[in-house]
Amino acid sequence: MEIKPGLSALVTGAASGIGRAVSLALAEKGVFVTLADLSEEEGRETTSLVRKANAKFHPGISFPSATFVKCDVTNRGNLVIAFEKHLATYGTLDICINNAGIGNPVPFDKDDSDGSKSWKHTIDVNLVAVIECTHLAIEAMKSKQNPGVIINMGSAAGLYPMTFDPIYSASKGGVVLFTRSLAPYKRQGIRINVLCPEFTETNMGAKVHPVIIQSLGGFLPMDLLIKGIFELITDESKAGSCLWVTKRRGLEYWPTPMEEAKYLVGSSSRKRAPSFKVSSSFQLPQSSEKIIVHTLSHHFRDATRIVRTPLALPIGRDQVLLKIIYAGVNASDVNFSSGRYFSGNNKNQGSNLPFDAGFEGVGIIAAVGDSVRNVEVGTPAAVMTFGAYAEYMIVSSRHVLPVPRPDPEVVAMLTSGLTALIGLEKAGQMRSGETVLVTAAAGGTGQFAVQLAKLAGNKVVATCGGSDKAKLLKEMGVDRVINYKSEDIKTVLKKEFPKGIDIIYESVGGNMFDLCLNALAVHGRLIVIGMISQYQGEHGWKPANYPGLCEKILAKSQTVAGFFLVQYSQLWKHTLDRLFHLYSLGKLKVAIDPKRFMGLDAVADAVEHLHSGKSTGKVIVCIDPTFDQQTSRL
Ligand code: NAP
């Protein structure tokens, strides 16, 4: 649902705190608001602020752009009046935010009363009233045949126990599972979601001990909370969804698709649950091989060599030892080997030598430190830290991501898949109903970009060099494949897309970048993913000069947005779960290049293969060819 002027919302607990902030944020978008609250003075004050905020959208209307209703949410009669008043004033109900909530006033064990200070009253406000309001909102939406969005206010305390207020935790836990169970209302067009924020700086938040707030990294900024609410309103796919909002990590859906797959009967992911046994005769090796960069050069083969080094055992308390089974090959391996990933001027980049090569891998955990809890020996896991061209890696447990299986497809989803999804959504601001062009589309990351753009509801155009690649892209659902070996890209784009392309996922650079920029529509976004054609010039990568770039993008309100995956690490885990989920549902395919590369010896061949332009899909090296998919040979 697009939040736009003329929609109407009812917000409970709207006089202060989160309710007030949400009401104002909706009003800033021109939404009419009914503010229901027990506190008359604050309620009327907030209502006048809300009227000021949305009045400019509705000059000359004969009814108030915001309405206050005094309402005790524990009183069904009061609630009925609030909803009736809303419908009488605004005709329909588009958005309902069931926000009213309180902390339990006295410690649970000291509370034996029955009145308004009892724990039962807290449950009535926080849970029973939310159920009641959800019921009334559904009725209101159905009666006007106007399905909308309902958001119930949960809390992080509804996901994790809050030992200093068990009643609050119980009530919010109830709200979370109540709301998640309402997902099927989506079939009737009504989307009901729950938001679980940590403490914000409101009257309620101010009562929490500062040490607790500090342990959470400070109060949750209100604008992040509002962002969460708006996402639940606007994203049509969200129904029965629980959005957890923390200052530390931003917006995360709960549970992750992988967690969810564990308890959904008949889920395809369930069948893929990890089942790796560690051979009883296994002993940790004393040493292992890895690839290091010894000389800075964009010729990967010349820059690197294989070395055997002792494993620093025992590993640290929070570290794990990962046995790598498959490593992913990336276009940027040659940039890494030429020192481009280190800041500083060209002269002192050599001071980092030697350093470990390889960006990503999957394998099996072979040993864990004493304090590690997130993985155990035998867990399949992925890493996206430098040094993955190795038989074994010692890494902090925080840097390993448990995965369903140590498969080539999982490696492909790491750098390549994450770049596509995060790049399109964050840098490209991908929505639906637009035209998306992907260059080098049959490559490691391009294959994900075309499918994700298609899944989001866009028309997809893709470029590639070769008929096998074109066939693969057609099978992946691309609407128009341009094989530049048989067609001229510029001519096709000019003729078939005269209005231009809305989003371009560009990773080739050079002439292709120029061509793409000229093909960009008004308001178009060109995402600079890379410039593979420039990485291996005779003297290495020469930065390009684009005279007239500012003039071009100014004239058409266009955006040229850079994207570098390492700067989005906070989104990796959640995004990876989304990719696994799509893959487990069969909605996302993963193409692996058919050429087999076995062992660390083959890594340089694999890097050169990727840069030959002949690869299709993700190029992978099997680091441990003895791995048999059943029992990990650690
Ligand atoms: P890839 O797409 O698998 O790369 C191979 C493909 O690129 C080739 O099949 C070829 O496709 C094209 N290509 C190769 N050499 C070329 C050349 N000299 N001139 C023109 N095209 C050439 O590789 P990848 O690892 O997935 O990387 C693709 C791009 O994404 C690179 O630019 C890489 O740096 C970038 N990337 C960026 C990020 C980030 O965070 N920004 C992350 C990952 C990857 P066609 O001939 O069929 O077009």
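User: A polar contact is a pair of N or O atoms within 3.5 Å; within protein, one must be able to donate a hydrogen and the other to accept it, and residues adjacent in sequence count only if both atoms are side-chain atoms. With that settled, how far is the side chain of Lys469 from an oxygen atom of the ligand?

Analyst: An N or O atom in the Lys469 side chain sits 2.8 Å from a ligand oxygen. Bear in mind that this is a predicted model, where local features need pLDDT of at least 70, side-chain atom pairs count only at pLDDT 80 or more, and totals for chains, interfaces and linings use all residues. Residues are numbered from 1 along each chain as its sequence is written, and side-chain values use heavy atoms, with hydrogens and water left out.

User: Which backbone atoms come in, then, at Phe563 and Leu565?

Analyst: For Phe563, a backbone N or O atom is 2.6 Å from a nitrogen atom of the ligand. For Leu565, a backbone N or O atom is 2.7 Å from a ligand oxygen. Taken alone, the ligand exposes 910 Å², and the protein buries 89% of that. Those areas come from the Shrake-Rupley method with a 1.4 Å probe; for residues, only the protein chains shown count as cover.

User: How many residues are around the ligand?

Analyst: There are 27, and the nearest are Lys469, Tyr484, Tyr535, Phe563 and Leu565. A residue is near a molecule or strand if one of its heavy atoms lies within 4 Å of it.

User: Which helices supply at least two residues each to that shell?

Analyst: α13 and α20 (603–611). Helices (H or I, at least four residues) and strands (E, at least two) are DSSP runs, numbered from the N terminus.

User: New topic. How is the chain divided into domains?

Analyst: Domain 1 is 8–254, domain 2 is 287–406 + 622–628, and domain 3 is 415–569. The bounds come from an automatic or database domain assignment. The centres of domain 1 and domain 3, taken over C-alpha atoms, are 41 Å apart.

User: And how many residues are in the largest nonpolar core?

Analyst: It has 58 residues. Leu424, Val450, Leu452 and Leu473 have the most contacts inside it. Its largest share, 11 residues, comes from helix α13 (residues 408–427). Domain 2 and domain 3 both give residues to this core, so it lies between them. A nonpolar core is a set of buried Ala, Val, Leu, Ile, Met, Phe, Trp, Tyr and Cys residues joined through side-chain atoms within 4.5 Å.

User: What does Leu473 touch?

Analyst: Leaving out residues up to four places away in sequence, Leu473 touches Ala441, Ala442, Val450, Ala462, Cys464, Val478 and Val481. Contact means heavy atoms within 4.5 Å.

User: On to His86. Buried or exposed?

Analyst: His86 counts as buried because its relative accessibility is 1%. Buried means under 20% relative accessible area, exposed over 50%, and partly exposed in between (1.4 Å probe, protein chains only). His86 lies in helix α3 (residues 76–90).

User: With which side chain does His86 make a polar contact?

Analyst: The side chain of Thr34, at 2.7 Å. Thr34 is also among the residues His86 touches, along with Ser8, Ala9, Leu10, Gly91, Thr92 and Leu93, again not counting residues up to four places away in sequence.
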